[in-house]
Amino acid sequence: MSTNTNQNPKILCVVERAGAGLDDTAWELLGAARALAGEGGSVGAALLGEGVGELANELARGYDDVWVFDDARFASWDGEAYARALAPLAQREQPALILAAHTNLGIDFAPGFSVRAGVPLLPDCLSLESAGDGSAWEAVRTVYGGKVHARMTCTPSEQGAMATLRAGAFAAAEPGAEVTGRVHAEDVGDDVGQGRRPVRTVEPEASEVDITQAAVLVAVGRGIEDEENLEIVQSLAEALGGEVACSRPVVDKGWLPKSRQVGTSGLTVKPKVYLAVGISGSFQHVGGIKGSPFLVAINKDARAPIFGVADVGVVGDLFDVVPALEAKIREAKG
Ligand SMILES: Cc1cc2nc3c(=O)[nH]c(=O)nc-3n(C[C@H](O)[C@H](O)[C@H](O)COP(=O)(O)OP(=O)(O)OC[C@H]3O[C@@H](n4cnc5c(N)ncnc54)[C@H](O)[C@@H]3O)c2cc1C
């Protein structure tokens, strides 16, 4: 039975690897967990893999405890095997809350694990907080394919509760310079098994840009009219040292890949500066912009909803405004 409550809770984060390193979500989970744990709570990480000792030390620069399952059976991701390995840890450590990222791997792992561990699951959270009296957790997620933001409340079981967090929706914590946490090597039982055998790993193209990590995004919408016009937006992004993102119609038309789409059915981004060019500002698009960036909107329709959330609005034709803005930026940069 989980003995701690939402007041200064003990939180366990199941972190992911990305290639030979840690996935960025490892630090986003830490940021979210620290905010929820407060001064008196504690935040631990569970890391599974083969030859992951160095990564465990890296995690211990931010997490209070790191439990490491170093075993060849965890060389590739297997949500079922992970759930079998982690259930005894959760039972022993009794965290009030278990967090994982809502990535493909998290989606694979979390439902089975929550059943095995006997904890209710809040999936795909855009926000998460302790509810009123501290006896429940409250989260916001999107439902109906992104049409509605729903507020969910979850009462923990005696074993605690679990949530998966949307990648990019929570601010990442910075790891410290020194290893301050404790690293614990965990025994991996014979019964963990390996339910799956990877046949082939398909890596994303090396040139693929990760817009969730960009500080400056120039997002383009249907107002651009044609694929060949994208050039002016790409050129503006280059002048600003940023990346090009887009709204869904631009992806639907095949002008840019899905990996550039911002929104509830696309990616959640958290840049410092966001330029919305020829984007009306639907809630499905704006729902993917987090972290209160400085938002500049360029739209020829003064009543476009994007102006309702913009810090600076330019009412004008993007084909005039974008090249003029780029020229000014290049001039200012000398
Ligand atoms: C389940 C579901 C999920 C969705 N998920 C997403 C999502 O993840 N991301 C997303 O973006 N959308 C999503 N959508 C679609 C969303 O509802 C909107 O249709 C979409 O965001 C509109 O994209 P847009 O702003 O580029 O196009 P439009 O709404 O057509 O707006 C184009 C804008 O460009 C302006 N414009 C036109 N010409 C010019 C010009 N020359 N100069 C300046 N301005 C000009 C117009 O005034 C207009 O405001 C989703 C919809 C559904 C139903």
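Apart from its neighbours within four places in sequence, Ser280 is in contact with Gly221, Ala304, Pro305 and Ile306, where contact requires that the C-beta atoms of two residues, placed from the backbone, lie within 7 Å. The model is a predicted one, in which local features need pLDDT of at least 70 and side-chain atom pairs count only at pLDDT 80 or more, whereas totals for chains, interfaces and linings use all residues. Residues are numbered from 1 along each chain as its sequence is written.

Ser280 belongs to the loop between strand 15 (273-277) and helix 7, helices (H or I, at least four residues) and strands (E, at least two) being DSSP runs numbered from the N terminus. Ser280 counts as buried because it has 20 C-beta neighbours inside 10 Å; the term asks for 20 or more other C-beta atoms within 10 Å of a residue's own, with 12 or fewer making it exposed, values in between partly exposed, and C-beta atoms placed from the backbone. Ala45 lies 235 residues away from Ser280 along the chain, and their C-alpha atoms are separated by 41 Å.

The centres of the two domains, taken over C-alpha atoms, are 33 Å apart, and 9 residues of domain 1 are in contact with 13 residues of domain 2.

Helix 3 (residues 79-93) has 15 residues and reaches 20 Å from its first C-alpha to its last, close to the 21 Å expected at 1.5 Å a residue, a span calculated as 1.5 Å times one less than the number of residues. Its buried residues are Ala81, Tyr82, Ala83, Arg84, Ala85, Leu86, Leu89 and Ala90, and what covers them includes strand 1 (10-14), strand 4 (42-49) and helix 4 (104-117). Just after helix 3, Gln94 takes a positive phi of about 50°.

Conventions:
Domains from an automatic or database assignment.
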